Amino acid sequence: MKLTFDARRVAIIGGVVVGIIAIAALLILLAGASPLDGLRGLIEGVSSSPYRFGELLVGTVPIAIIALTLIPALRAGVFSVGAEGQVTIGAITATASIFGLQNLFGDAVPAAVYLVCGAVAGAIGGGAFALLPALLAVRWNVNEILSTLLLNYVATGILGWSLRTWLASGENTATPQSALLPDAAAIPTLIEGTRAHWGLVLVVVVAAALMWWQRTSSSARLTVFASRPKLARRLGTTRSRTIYTTMLISGLGAGLVGWIQVSGINDRLMGSVSGGVGFSGIAVALLGALVPSGIVIAALFFSALAAGALGMQSATGSVPTSIAEVIKGVILLGVACIAAVQKRPAAIVAPTAEPTAADDDPPGAGSGTSAAVEDHIGLSESEPRR
């Protein structure tokens, strides 16, 4: 049993990476600076002081969590672009739960209760909002890319209405925002003198959990579902269950990020609470090849671009900080090319497997290919085929 090796795929991915680096260097040259000076400034921008290094870690947390919790959905071929809206709804529900506890019990609420309730409320809000496009996809075959994209605007509208009504601050501010959260509701700092918080530990826990999950039969079943849905149905993986489960997991992760944004970074709910982390998370998940360790590294890289842009500007004197966003856009285009190449995952084949259509076999008949896949995912002969 082995995984097929696609040299063409590796060559295309390598070419895309080289192209991204070349375009980024060209952008810096057009700005009137040396690419090496820009690289030096980028590195200094994230490592010249503990605070700047902390900013690198702070920016990594939300992107990494969103990307990690997208792994099951993307493995199953369920492409959701609704993380931005799910982060927003999660931030609203987390903020509402924290203020609700404060209004009910005053200052007597322990910090642990604030943290647990905020995290749970945020995850529930994001998960519930993710189930809406899942329902549309299952019941009426509405394309999940289209529905999740449009629901992002619905979430933005809900946020704007909330910040002008029931969650509005009593202060006169230039932009709508909520009141400050109680001090006890803030996520504790992990590194003194920085904004780096204990959300970093959450990234490690989620990554470890997904590394374990990828070794289980359920992960293999989702991979089979993406490429051979008829065979997956014979193995007990239905379309509705797959869509509901994978989109719920990604929604829970995005909602949790909403809580982290308000309790770990901003200390209040603001109109810019998502900050583009949802779209960045999709790119990071694909750039990391749906591998937890690769995703964490890609998230660090994306965060370094944002945190080090100021250092790049200081080192070169001519490169604007906005060039980081342009480079991210170039990376997104490269990721799209890589995703197109990776659309068909490597197939699991046995030495005696036949390349015939196992999907068209009757439920009781097993070919060499389907038997190999069943053996790989741990489906014994004693288990009924559904």
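User: Why is serine 250 called buried?

Analyst: Serine 250 has a relative accessible area of 5%, and buried means under 20% relative accessible area, with exposed being over 50% and partly exposed in between (1.4 Å probe, protein chains only); serine 250 is therefore buried. This is a predicted model, in which local features need pLDDT of at least 70 and side-chain atom pairs count only at pLDDT 80 or more, while totals for chains, interfaces and linings use all residues. Residues are numbered from 1 along each chain as its sequence is written, and side-chain values use heavy atoms, with hydrogens and water left out.

User: Where is serine 250 found, and what does serine 250 touch?

Analyst: Serine 250 is found in helix α11, residues 239-266, where helices (H or I, at least four residues) and strands (E, at least two) are DSSP runs numbered from the N terminus. Contact means heavy atoms within 4.5 Å, and, leaving aside residues up to four places away in sequence, serine 250 touches Thr69, Leu70 and Gln86.

User: What makes the pair of serine 250 and methionine 247 a polar contact?

Analyst: A polar atom of the serine 250 side chain lies 2.9 Å from the backbone oxygen of methionine 247. The definition asks for a pair of N or O atoms within 3.5 Å; within protein, one must be able to donate a hydrogen and the other to accept it, and residues adjacent in sequence count only if both atoms are side-chain atoms. At the start of α11, a side-chain oxygen of threonine 238 likewise reaches to within 3.3 Å of the backbone nitrogen of arginine 241.

User: How do you know that the span of α11 agrees with its number of residues?

Analyst: The expected span of a helix is 1.5 Å times one less than its number of residues, so the 28 residues of α11 should span 40 Å, and the end C-alpha atoms, 39 Å apart, agree with this.

User: What makes the phi of aspartate 267 and that of asparagine 141 worth noting?

Analyst: Most residues other than glycine have a negative phi. Aspartate 267, in the loop between α11 and α12 (277-287), has a positive phi near 65°, and asparagine 141, in the loop between α6 (111-140) and α7 (144-164), has a positive phi of about 55°.

User: Why are these two residues assigned to separate accessibility classes?

Analyst: Asparagine 141, with a relative accessible area of 58%, is exposed because this value is over 50%. Aspartate 267, at 35%, falls in between the cut-offs and is therefore partly exposed.

User: Why does lysine 328 count as buried?

Analyst: Lysine 328 has 12% relative accessibility, and so it counts as buried. Lysine 328 is found in helix α14 (residues 323-341) and touches Phe302, Leu305 and Ala306, not counting residues up to four places away in sequence. The C-alpha atoms of lysine 328 and phenylalanine 302 are 7.6 Å apart in space, although the two residues are 26 apart in sequence.

User: What makes a set of residues a nonpolar core, and which residues have the most contacts inside the largest one?

Analyst: A nonpolar core is a set of buried Ala, Val, Leu, Ile, Met, Phe, Trp, Tyr and Cys residues joined through side-chain atoms within 4.5 Å. The largest has 70 residues, and those with the most contacts inside it are Ile66, Leu68, Trp259, Val284, Ala285, Ile295 and Ile331. Helix α3 (residues 50-69) gives the largest share of this core, nine residues, and a second, separate core of 19 residues includes Ala91, Ile92, Leu269 and Val273.

User: How do you know that valine 284 is buried?

Analyst: Valine 284, in helix α12, has a relative accessible area of 0% and is therefore buried. Among the residues that valine 284 touches are Ile63, Ala67 and Ile295.
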